[in-house]
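Let's take a walk through a protein model together. Keep the picture in view as you read.

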Amino acid sequence: MLKLFKLFNNKRLFIMLITLVLFIVVMGFSLGPRKVLSWPESFLRDTTGFVQKMFYKPAGYVAGLFEDIGNLKDLAKENEELKILAAQYARDKATYNFIEAQYKLLQKQVHFTAAQKAQYDYEYWTVQVVGESTEPNNSSIVIDRGSNEGVKLNMPVISDKGLVGIVSRVSKFTATVKPLTMMDPNDPNSQPPIAATATNKETKSFGMVESYDLKTGRLLMKRIPPGDPIKEGDTVVSSGSGGLYPRGLIIGTVDSVDIGEYGLTSTAIINPAAGFQDWKLLTVVASHQESEE
């Protein structure tokens, strides 16, 4: 007992014992299954939250400042690129307007009929793909627009990459598209061949895209006459001859040009521009004349 009183006389040791007891009590409350915090825990948590709040916001402002400086550099670079693109667009737009004005003037001078003027005046209708069959010998795509909204047989359908196929069946509210992968000259139900040419060689190059090779995944452009300048890397587009396919629809890129079966013509192997898979939206191309009928 005497030793205990002596122990209490040692102030440092007494404070340590009191602190240890309080710590054990707080730990006991903390580890127990409780829904409400004890006042020491609540005080400690509130104090910690207040201090964090005091330092967190200024630190966030400083970090955000450096991030904003980095973003400003990126914005300045993007702004310069946009200025270049805007200038290029303005030049292209001016050139297009000039050519369009000349074209209309020439139409007027040669006394084009209304039908001739509307021949290359197209409308583009965005449609949603609601069904798709990927069977190699019976591929088809169903779109959510039918005859009630002007869709007709043999209207071309394109994606943002290029020509996909033509409308092969039409009902009131939907239409079925036969893709280019079904092109087969031996099939009487196949879509008609496409009169085609190469970009920037429109007056010098011509051929017919007639079939699709399932093994290689390539289109075949046949009947290319001797001396035709078409070559590897050229972009093949529809020429508009025949009136079924509007001119300028992108078909694909030339992989190679080979001599034809009888050596009198050449055949171009074309990598299709459209991917023929997983479409969500497509576009039906209608001439202005068709859309008014």
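Helices (H or I, at least four residues) and strands (E, at least two) are DSSP runs, numbered from the N terminus. This is a predicted model, where local features need pLDDT of at least 70 and side-chain atom pairs count only at pLDDT 80 or more, while totals for chains, interfaces and linings use all residues. Residues are numbered from 1 along each chain as its sequence is written, and side-chain values use heavy atoms, leaving out hydrogens and water.

Start at helix α3 (residues 39-109), where you will find glutamate 78. Glutamate 78 is partly exposed, at 44% relative accessible area (buried means under 20%, exposed over 50%, partly exposed in between, with a 1.4 Å probe and protein chains only).

Now move to salt bridges, each a side-chain nitrogen of Lys or Arg within 4 Å of a carboxyl oxygen of Asp or Glu. The whole structure holds three of them. In one, lysine 201 meets aspartate 234 at 2.7 Å, N to O. Lysine 201 sits in the loop between β6 and β7 (207-213) and aspartate 234 in the loop between β8 (218-224) and β9 (235-238), so this pair ties together parts 33 residues apart in sequence. Lysine 201 is buried at 15% relative accessibility, and aspartate 234 is buried at 9%.

Arginine 223 forms a salt bridge with glutamate 210, with their closest N and O atoms 2.6 Å apart. Here strand β8 supplies arginine 223 and strand β7 supplies glutamate 210, 13 residues apart. Glutamate 210 is buried, with a relative accessible area of 11%.
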